Amino acid sequence: MNAVVEITDLHKSFGPREVLRGVDLTVAPGEVVCVIGPSGSGKSTLLRCVNQLEHATAGSVRVLGTEINDPDVDIDAVRQHVGMVFQSFNLFTHQTVLENCTVAQRKVLRRSKAEAEKVALENLARVGLADRAGATPSQLSGGQQQRVAIARALSMDPALMLFDEPTSALDPELVGEVLAVMRELAEGGMTMIVVTHEMAFARDVADRVVFMDGGTILEEGPADQVIGTPREPRTREFLDRVLDPTHR
Ligand SMILES: Nc1ncnc2c1ncn2[C@@H]1O[C@H](COP(=O)(O)OP(=O)(O)OP(=O)(O)O)[C@@H](O)[C@H]1O
Ligand SMILES: [Mg+2]
């Protein structure tokens with residue numbers, strides 16, 4: 001089957017600074033890839049290159065068969081199929097949960113109000129928030145707001161979901177409910193790239209774990225192998241620090 005994402009020799013510089021230095025990554029349909037690695041290693045930049053929030057400096061990024069670094073690409077047509085969930089939820093604060101989940105459906109997919117609301121309510125039910133459709137984001141907890149952000153993304157019927165540390169802004173007791181929603185998505189067959197520091201989640205849910213360091217993929221493999229018995233000393237050091245923050 002064709003890859004959902006196929007990245008070849010991706011380079012990205014900000015001015016003189018090269019932050020991605022030749023990344024190769026292929027994600028198959030239904031695959032869940034977790035990206036781990038130290039701060040500044042280029043994880044967010046990599047995700048942002050997958051939906052053209054950043055322009056690659058060199059290399060190829062194919063998403064659903066389309067080369068998105070092609071200057072003539074219709075990037076909106078590609079982005080339509082790619083859901084993105086960030087650390088900050090970016091909900092419209094003056095709109096209800098339901099409105100947040102219908103705006104893009106109506107504008108981009110040109111769905112009718114009734115159709116968009118039906119789809120939104122289905123997805124709000126999926127994340128356990130159908131009963132909060134009329135609330136505004138400020139009336140919700142951080143975990144609930146992030147679940148709305150996921151429902152909003154799902155309402156666009158994405159073929160690929162990108163998550164950039166979706167739980168790292170949450171109070172610890174709210175992390176689990178968001179991870180549970182993501183796990184269910186993964187089990188339902190969604191293709192996902194997840195940047196996360198939640199190692200237990202990565203180990204359980206990821207088909208593959210990618211360890212980034214200094215703008216390259218230093219190690220990748222089955223979750224159990226990379227997290228359980230990493231090959232590279234740098235991976236081991238990183239995991240020691242993340243799994244035991246008092247470790248030096
Ligand atoms: N818009 C930008 N302009 C200049 N430098 C940038 C820009 N975005 C990112 N960088 C730099 O690129 C490097 C990689 O950043 P990136 O955000 O991808 O790292 P990360 O692995 O996601 O880190 P973190 O775990 O802290 O989120 C960092 O050194 C960062 O300062
Ligand atoms: Mg980041």
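This is a predicted model: local features need pLDDT of at least 70, side-chain atom pairs count only at pLDDT 80 or more; totals for chains, interfaces and linings use all residues.
1. Asp213 touches Pro38, Ser41, Leu218 and Arg234, leaving aside residues up to four places away in sequence. The residue sits in strand E9, which covers residues 208-213. Is Asp213 buried or exposed? Its relative accessibility is 18%, so Asp213 counts as buried. The cut-off for buried is under 20%.

2. Gly37 is a second residue to look at. Gly37 lies in the loop between strand E3 (32-36) and helix H1. Its relative accessible area is 0%, so Gly37 is buried. Which residues does Gly37 touch, not counting those up to four places away in sequence? They are Lys43, His197, Phe211, Met212 and Phe238. Arg147 is another matter: Gly37 and Arg147 are 110 residues apart in sequence and 25 Å apart in space, C-alpha to C-alpha.

3. Now the sheet that contains E3 and E9. In what order do its 6 strands run? The order is E6-E7-E8-E3-E9-E10. The sheet is open and its pairing is mixed. E6 and strand E10 (216-221) are the edge strands, and each pairs on one side only. From one strand to the next, the twist averages 15°.

4. The pairings around E3 and E8 can be checked one by one. Strands of a sheet pair through backbone hydrogen bonds, either parallel or antiparallel. E3 and E8 run parallel and are joined by 4 bridges. Here Val33 has Ile193 in E8 as its bridge partner. E3 and E9 also run parallel, with 4 bridges between them. Cys34 has Val209 in E9 as its bridge partner. Met161 has Met192 in E8 as its bridge partner.

5. What covers E8 can be read from its residues: Met192 and Val194 are buried on one side. Ile193 and Val195 are buried on the other.

6. H6 lies across E3, E7 and E8 and runs at about 150° to E8. Helix H9 (residues 233-243) lies across E3, E9 and E10. The angle between H9 and E9 is about 95°. Note that Arg234, a contact of Asp213, has a number within the range of H9.

7. Gly189 lies in the loop between helix H6 (172-187) and strand E8 (192-195). Its relative accessibility is 41%, so Gly189 counts as partly exposed. Gly189 and Val63 are 126 residues apart in sequence. In space, C-alpha to C-alpha, they are 18 Å apart.

8. There is also an open sheet of 4 strands, in the order E2-E1-E4-E5. Its pairing is antiparallel. Which strands are at the edges? Strand E2 (17-27) and strand E5 (66-67) are, each pairing on one side only. Helix H1 (residues 43-50) packs on this sheet and touches E1, E2 and E4. The direction of H1 makes about 120° with that of E1. Strand E1 (residues 5-14) and strand E4 (residues 58-63) run antiparallel and are joined by 5 bridges. In this pair, Glu6 has Arg62 in E4 as its bridge partner.

9. Last, the largest pocket. Its volume is about 620 Å³. Of its 19 lining residues, Val82, Met84, Ala104, Arg152 and Met156 are the closest to its centre. Which elements give two or more residues to the lining? They are helix H2 (75-79), strand E6 (82-85), helix H3 (97-108) and helix H5 (142-154). H3 gives the largest share, 5 residues. By type, the lining divides into 10 nonpolar, 5 polar and 4 charged residues.

Methods:
Residues are numbered from 1 along each chain as its sequence is written. Chains are lettered from A and ligands numbered from 1 in the order in which they are written. Side-chain values use heavy atoms; hydrogens and water are left out. On a 1 Å grid over the protein atoms alone, a cavity is a set of points where a 1.4 Å probe fits but cannot get out, and a pocket is an open set with protein on both sides within 12 Å along at least five of seven lines; lining residues have an atom within 4 Å of a point. Grid points are joined across faces, edges and corners, and a volume is the space filled by probe spheres set on the points. Ala, Val, Leu, Ile, Met, Phe, Trp, Tyr, Cys and Pro count as nonpolar, Asp, Glu, Lys and Arg as charged, and the others, Gly among them, as polar. Buried means under 20% relative accessible area, exposed over 50%, partly exposed in between (1.4 Å probe, protein chains only). Contact means heavy atoms within 4.5 Å. Two strands pair if DSSP finds at least two bridges between them. Axes are lines fitted to C-alpha atoms, for helices over the stretch in contact, and angles run from 0 to 180 degrees between N-to-C directions.
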